[in-house]
Amino acid sequence: MTASRTLDPRAAVRRGAEVDIAGSPWPVYKLEAVGAGLLALLVAALVLGSVQTGVLLGAAVGAGLWTLGWWRTAR
């Protein structure tokens with residue numbers, strides 16, 4: 001019987017690009033998600049004139065991109 005590829009400890013693990021921040025490696029997709037969330041917050045707050053809406057939109061954009069980035073690196 002052959003072992004599953006995911007259970008094989010010798011299987012190569014694909015890692016994404018990382019940036020060292022204060023001695024802790026951060027994947028690039030996390031930094032992109034944080035930046036896009038902040039940008040969405042600022043644009044929505046300026047266009048709509050509501051900081052509350054900007055925070056909600058920025059959080060949604062950041063969480064969506066963070067999840068999408070994790071999904072791409074996990075596969």
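These numbered points describe a predicted model of a protein.

1. Overall layout. The protein has 75 residues, of which buried residues make up 16%. Its secondary structure comes to 2 helices and 2 strands. Read from the N terminus on, the order of these elements is β-β-α-α.

2. Strand β1 covers residues 18–21 and pairs with β2 in the antiparallel sense, over 4 bridges. Two of the partners can be named here. Glutamate 18 has proline 27 of β2 as its bridge partner, and isoleucine 21 is bridged to serine 24, also in β2.

3. The turn of the hairpin. The hairpin of β1 and β2 has 2 residues between the strands. Alanine 22 is found in this loop between β1 and β2. Its phi is near 55 degrees, which is a positive value in a residue other than glycine. Is alanine 22 buried or exposed? With a relative accessible area of 81%, alanine 22 is exposed, because the cut-off for that class is over 50%.

4. The aromatic pair of tryptophan 26. The structure holds 2 aromatic pairs. One of them joins the rings of tryptophan 26 and tryptophan 66, with centres 6.4 Å apart and planes at 70 degrees, so this pair is edge-to-face. The reasoning rests on two cut-offs: ring centres must lie within 6.5 Å for a pair, and planes over 60 degrees apart count as edge-to-face.

5. What the pair connects. Tryptophan 26 belongs to strand β2 (residues 24–27), while tryptophan 66 belongs to helix α2 (residues 51–74). The two are 40 residues apart, and the pair links distant parts of the chain. Tryptophan 26 has a relative accessible area of 29% and is partly exposed. Tryptophan 66 is also in the partly exposed class, at 34% relative accessibility.

6. A lysine over the ring. Tryptophan 26 has a further neighbour on its ring face. Lysine 30 lies over that face, at 5.9 Å from the ring centre.

7. The nonpolar patch. Which residues make the nonpolar surface patch? They are Val34, Leu38, Trp66, Trp70 and Trp71, and the patch has an area of about 530 Å². Both α1 (28–48) and α2 supply at least two residues each. Helix α2 gives the most, with 3 residues. Leucine 38, one of the patch residues, is found in helix α1.

8. Glycine 16 and tryptophan 70. Glycine 16 has its place in the segment before β1. At 40% relative accessibility, glycine 16 counts as partly exposed. Between glycine 16 and tryptophan 70 there are 9.7 Å in space, C-alpha to C-alpha, with the two 54 residues apart in sequence.

9. Leucine 31 and leucine 65. Leucine 31 is found in helix α1 and is partly exposed, with a relative accessibility of 31%. How far apart in space are leucine 31 and leucine 65? Their C-alpha atoms are 10.0 Å apart, with a sequence separation of 34 residues.

10. Valine 43 and glycine 58. Valine 43 is another residue of helix α1. Its relative accessible area is 44%, and valine 43 is partly exposed. From valine 43 to glycine 58 the C-alpha distance is 9.1 Å, and the two are 15 residues apart in sequence.

Note on methods
Residues are numbered from 1 along each chain as its sequence is written. This is a predicted model: local features need pLDDT of at least 70, side-chain atom pairs count only at pLDDT 80 or more; totals for chains, interfaces and linings use all residues. Side-chain values use heavy atoms; hydrogens and water are left out. Rings of Phe, Tyr and Trp (its six-membered ring) pair if their centres lie within 6.5 Å; planes under 30 degrees apart count as stacked, over 60 as edge-to-face and the rest as tilted. Buried means under 20% relative accessible area, exposed over 50%, partly exposed in between (1.4 Å probe, protein chains only). A charge sits over a ring if NZ of Lys or CZ of Arg is within 6 Å of the ring centre and within 35 degrees of the ring normal. Patches are made of residues with over 30% relative accessible area and no salt bridge: like charges are joined within 9 Å, nonpolar side chains (Val, Leu, Ile, Met, Phe, Trp, Tyr) within 5 Å. Accessible areas come from the Shrake-Rupley method with a 1.4 Å probe; for residues, only the protein chains shown count as cover. A salt bridge is a side-chain nitrogen of Lys or Arg within 4 Å of a carboxyl oxygen of Asp or Glu. Two strands pair if DSSP finds at least two bridges between them.
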